[in-house]
Amino acid sequence: MIKTTQWIVVTLVLCLSISVAFSQGLAPPSNVTVVDTPNDDGSSITIMWDAAAEDSGISDYQILRQIADGDLEEVGELLPAGTTTYVDSSIEKGSLYTYIVRAVSATGATVDSEQTAPVKGTGEWFHTGKAALFIVMLLFSAAIVWNIYDARSGKEIFVRRIPGLEAVDEAIGRATEMGRSILYVLGLGSIGRIATIASMTILGQVARRTADYETPLRVPCIDPIVLNVVREVVKTSYVDEGHPDAYNEEDIFYLTGSQFAYAAGVDGMMVREKPAAIFLQGSFAAESLILAETGNSIGAIQIAGTDSEHQLPFFIAACDYTLIGEELYAATAYLSKDPMFLGSLKGQDWGKVLILGMIVFGVVLESFGISWITALLQQVN
Amino acid sequence: MFEKLMNIDRRIIFILVALVVIIPMLFTFSIPLNVSEPTQKLYDYIEGLPAGATIMISFDYGPSSFPETEPMAAAVMKHCFDKGIQVIGITLEYIDAVPLADRVMQQVAEEKDAVYGEDYVLLGYRPGESFVILGMGAEIASVFDSDFSETPIGEIPMMQNITNYDQVSLLLNLAAGSSVEGWITYGHTKFNLKIAAGVTGVIVSQMYPYLQTGQLVGLLAGFRGAGEYEKLINAPGEGTKGINTASFVHLLIIGLVVIGNIAFFVQRRREE
Amino acid sequence: MKQQVPLVLCFLFGIVMILTEFSPHTASQATYKEIANWGRVISPFVFVLAVVTLIQTHWTRIQRRVEHWQYSLVVFFGMIVMVVAGLPYGPQHPAFKWLFNNVQVPMDATMFSLLAFFIASAAYRAFRARTFEATLLLLTAVIVMVGNIPVGDLLWPDAASNARQWILDNPNLSARRGIILGVSLGAISQSIRIILGIERSYLG
Amino acid sequence: MATLGIWIAAFLTICIYSFLYRDNPFYRFAEHLLVGMSVGYIIVLTIYFGFIPYAWTPIKNAVTGETSALGFLTLIPICMGLLFFARLSDRHAWLIRYPIAILMGISSGIMIPNALQTDIFAQIRGTLGPYSVIGTLSAFEIVGAILMVVGVVCTLTYFFFSVEHRGPIAGISKVGIAFLMIGFGSAFGNTVMGRVALLIQRVDFLINGWLGTIF
């Protein structure tokens, strides 16, 4: 009797546990939501669902979709358990799709979620992830423009002393005394580089002084557009100073477009013509030291300036004066006193205040585990 | 005398530099070299691969930067051929790298009796860096339908069993530019391809963050990395020679700086 | 015509490139690609300017028999040889490749290798402990050099290469970051000025 | 052919090294040859990798119908490019402003958002990075993270131009200069290896590649 009861109990327990196992084993994926993928061109739809419990028995998921009156079709390969999102990027733009997420067990048993409401992929016109970038861009542009107009309206803008710029007059004066030429090198940059434009502006100022003293000014170029613009800049300076006939177009010429051939050519000019002053202003690469050392060997006064931070150490080592990074841009404002440069220099300083603020504030917040500044600055593709 | 020393004719320095490069090149000798951890890691990883495994080498350097990276290619390939590991070569960044890669692969193959098409292959160059990396992750043949000399990939024996990165045990990127970041972003993050790098001295320090996070399984740093690897496989070559010679130039420069400063201080004291 | 139209063109192209950067829509992306492609099409034509001015420069030198005018003939010789070897059959032709590998590459590489000499002479002359800043410059340079070579590890096991690594990762990185931040602010502000037509110097 | 190549390469290599002693006709010859050849090389590459794929092929494909008629859009930039020929005539030289202005617009437009993202946003994020995991850092790493912020702040302060550097600002920017000098020194020292590498290769070519073939 007792034995029979025992058997019944054991059987019951077994049955019960098996049925529990089965019913728990494959619950359909819950909370399946489907949305048009945000911030894309409309070529994908994102499917999300809740993670299943760890002992759910699910080993894979399969996504199924249906277009209008078409059949259900499988999309992509099996997704491993633990996946909770899938981006379907093989859709036709503008068509409506409904989705089912199918859970698959190790034994191959399956259970489907409910079919979702239809969704279509549409392209967005504005990437919301780039909002911070957009706003900062607008603010900075406004700061620059505001300061330029402020400067144009006649407001004095202070520029701090820049070591090295006083030497410009000294260098030109010495060349005149010695009856030697001045060599002006604009570096490798194309016309779009800020260093090149800054360098051209400084060249314009140098040309004003050489026009007065009638000191020869030689400018070998590596970029044809720069060459063209530089000729205009220098000519204008000579005309403005009242010495248009002292301007010699052939002193500003195209050398070659290749880096080391250019270095070879400029080196040759240095040792043959022995200029008394050499300006190396613009963006430079490895040839920086070839030029600066050769210039030093002929005993010229050398004033360098570049925003190519990799080349700065070599200019610092080999030249008499070096404008470091942004100092090159500030030099254009300092020398030309042009409100445009003065104003934007001030606007850039505002930008620096903002950056400093973000760094200091960010350090404090991050240390307390609040990371919204870094989240704001997140890289978005 | 000290004043003369301070304003020494630079041509004397040039002669010293030339001597310090030429003399060590005429003799064979070795300075004991400590093998650094990143080099050891790469060696251990390749040493642990079974015969018949495949590694891929991406040659991303040009004519102005090959002296530092080419010895690395030679050392690693020697190790591979000794162990029966196959090598696939590609170039991602520079079209000029194809003849350079061809040259070094042929040299090592001749030395180790490796056969083109069976032990190694050079696929060549295709434009569009990141697209090449992503494309090969799906199927290598979809990017390289032929090797660099236009033999269809289907006719190359060793490529029969290789479809994508799943059959590639390691990617070694020999780089003089920014290609390593591309391999990590697209190859490792997306396809879980194991990446190692061999880079020129100038960009070594950019690699350390990736090494720390394990995104790089190993790193060869300039001449020194090549020399260390040559020591591990017991075959001193260009890398060992290079780091030895370069050491003398470094010591010469340091020596010159010291002498210059002694002269400077003596001179200044006299003036005072 | 001479001034206003180019400025308007510059503004339009600039604004379109900025706005499409923020817009993932297919139409925006197609516009972005098309215009970027236009930039690629125009840029090779720039080279026309270069060749014309180069020929003009050397031609006048030869005509006027200025000092060293004979070398201008060498320039023409080099240019014509390369063009004749490469233009009819393309850059893959063996003659063009041979010239490139045996004449141009050795010269280019040798020019680059002059840096090894110059870096030594510049270091000797510049690295003197004249001021506090100069002393910092020379000390870090020496530490990093010692850390780069095996002899350094013989003298101070591990310390040399670790010190080098620390300097590169810390003070070096922060100085560089400071420069980059300032420089890129300047670059952005210039681009804004160009697009808005405030900066016109590039028009000559 | 190979031997001839080695001899020519060796001769030109020595010509250029002769510059280290002083300027001389051999260097001048090599210098001008290099200038001329590099221009010739760029002419060939520009035609084959610039004009043909970007200008010629799209038009040809549009004409033959291989691609859609949209390919004809390429005619606009081609016409703009042809304006560069206006430089040949002094009276029409101003026409080259058109293509230049377009190129400037395109490159400035691409530049603004990208520079903001990679050079400003990413650099600030990189500076803050260590602080988000500050609890897991060793004391040594924390010192590094603090030094990083101090360095960036001081260097950036040095680059303030519209205020006079007096009082505390002068002090901070002095520290900034110190950071700059350490940065420059380390970059200089670190570059020596790379520069020496090419010299070693050239000397190796002269000794083993060239003299080796003679003796």
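This passage looks at the fold of chain B, the contact between chains C and D, and one residue of chain A. The model is a predicted one, where local features need pLDDT of at least 70, side-chain atom pairs count only at pLDDT 80 or more, and totals for chains, interfaces and linings use all residues. Residues are numbered from 1 along each chain as its sequence is written, with chains lettered from A and ligands numbered from 1 in the order in which they are written.

Chain B has 11 helices and 6 strands (DSSP runs, H or I of at least four residues for helices and E of at least two for strands, numbered from the N terminus). Its C-alpha trace spans about 80 × 35 × 30 Å along the principal axes. Of the 272 residues in chain B, 46% are buried, meaning that 20 or more other C-beta atoms, placed from the backbone, lie within 10 Å of the residue's own.

Turning to chains C and D, 99 residues of chain C are in contact with 97 of chain D (C-beta atoms, placed from the backbone, within 7 Å). Elements giving two or more residues to the chain C side include α1 (4-21), α2 (26-64) and α8 (171-195). The largest share, 19 residues, comes from α8(C).

Over in chain A, Val185(A) sits in strand β9 (residues 182-187). Val185(A) counts as buried because it has 29 C-beta neighbours inside 10 Å. Leaving aside residues up to four places away in sequence, Val185(A) touches Pro220(A), Val266(A), Phe279(A), Leu280(A) and Leu291(A). Gly282(A) is 97 residues away along the chain, yet its C-alpha atom is 7.8 Å from that of Val185(A).

Technical notes: Buried ≥ 20, exposed ≤ 12 C-beta atoms within 10 Å, placed from the backbone. Contact = placed C-beta atoms within 7 Å.
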